[in-house]
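The sequence and structure come first.

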Amino acid sequence: MLHSFDLAVMSLVNALAERSLVFDRLVGLVHATTTLKGGLIVAVLCWLWADAARRASDPGARDPRAEVVRMFLAIVAAILIGRLAQVVLPERRRPILEPDLGIAFGAGASTENWERWSSLPSDHAVYLMAAATVFGFRSRGFGFAFAALMIVTQLLPRIYFGEHYPSDL
């Protein structure tokens, strides 16, 4: 059963779907950019590692590289917990596979390979928000900025293309 929250958010996010092919393609391009999905996380972890190496020279300070390792392990743990939840929780069909919703999804939305994957929880939401959280421990402002960037460029497009319900994210 679809919650009214999911339907309301999906209707709002998808109000522009299929009205402009240029907009749909632009959203699709940003959504498919792997640099934003994983590359940015790796770049931030590398930057934190380099910064930790610089800070490690301070006498009496704890090894800041251990903080970066803990961040990485926290992201991996979140991914494992998310995958476990996907196996344990009841399967939830993806919105694009539900024609009775009456919602238009962005041009280019595909049903390919979605039949065998449950919608809940979103793997991307799990690891992107885990990364934002651990980055927020280092710098609250950066954590919020990273979360906002990922919501706009990765999570909202997942609703826009019918890959997830808002409550999956």
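Counting a side-chain nitrogen of Lys or Arg within 4 Å of a carboxyl oxygen of Asp or Glu as a salt bridge, the count comes to one. The model is predicted: local features need pLDDT of at least 70 and side-chain atom pairs count only at pLDDT 80 or more, while totals for chains, interfaces and linings use all residues. Residues are numbered from 1 along each chain as its sequence is written, and side-chain values use heavy atoms, with hydrogens and water left out.

The salt bridge joins the side chains of R158 and E163, at 2.5 Å from N to O. Side chains of opposite charge can pair when their charged atoms come close. R158 is buried at 3%, and E163 is buried at 9%.

R158 also takes part in a helix contact, on the α6 side of the α2 and α6 pair. Helices here are DSSP runs (H or I, at least four residues), numbered from the N terminus. Axes are lines fitted to C-alpha atoms over the stretch in contact, and angles run from 0 to 180 degrees between N-to-C directions. Two helix pairs are listed below.

| Helix pair | Axes come within | Crossing angle |
|---|---|---|
| α4 (residues 64–88) and α5 (residues 123–138) | 9 Å | roughly 155° |
| α2 (residues 21–32) and α6 (residues 140–160) | 9 Å | roughly 130° |

Angles under 35 degrees count as roughly parallel, over 145 as roughly antiparallel, 65 to 115 as roughly perpendicular and the rest as oblique. α4 is therefore roughly antiparallel to α5, whereas α2 and α6 are oblique to each other.

In the α4 and α5 pair, contact (heavy atoms within 4.5 Å) involves residues including M71, A74, I75 and A78 of α4 and V126, Y127, A130 and V134 of α5. By class, this contact has eleven nonpolar, two polar and four charged residues.

Contact between α2 and α6 is made by F23, D24, V27, V30 and H31 of α2 and by T153, Q154, P157, R158 and Y160 of α6. Its classes are five nonpolar, three polar and two charged residues.

The loop between α4 and α5 holds E112. E112 is exposed, with a relative accessible area of 59%. Its C-alpha atom is separated by 10.0 Å from that of L97, 15 residues apart along the chain.

How values were computed:
Helices (H or I, at least four residues) and strands (E, at least two) are DSSP runs, numbered from the N terminus. Ala, Val, Leu, Ile, Met, Phe, Trp, Tyr, Cys and Pro count as nonpolar, Asp, Glu, Lys and Arg as charged, and the others, Gly among them, as polar. Buried means under 20% relative accessible area, exposed over 50%, partly exposed in between (1.4 Å probe, protein chains only).
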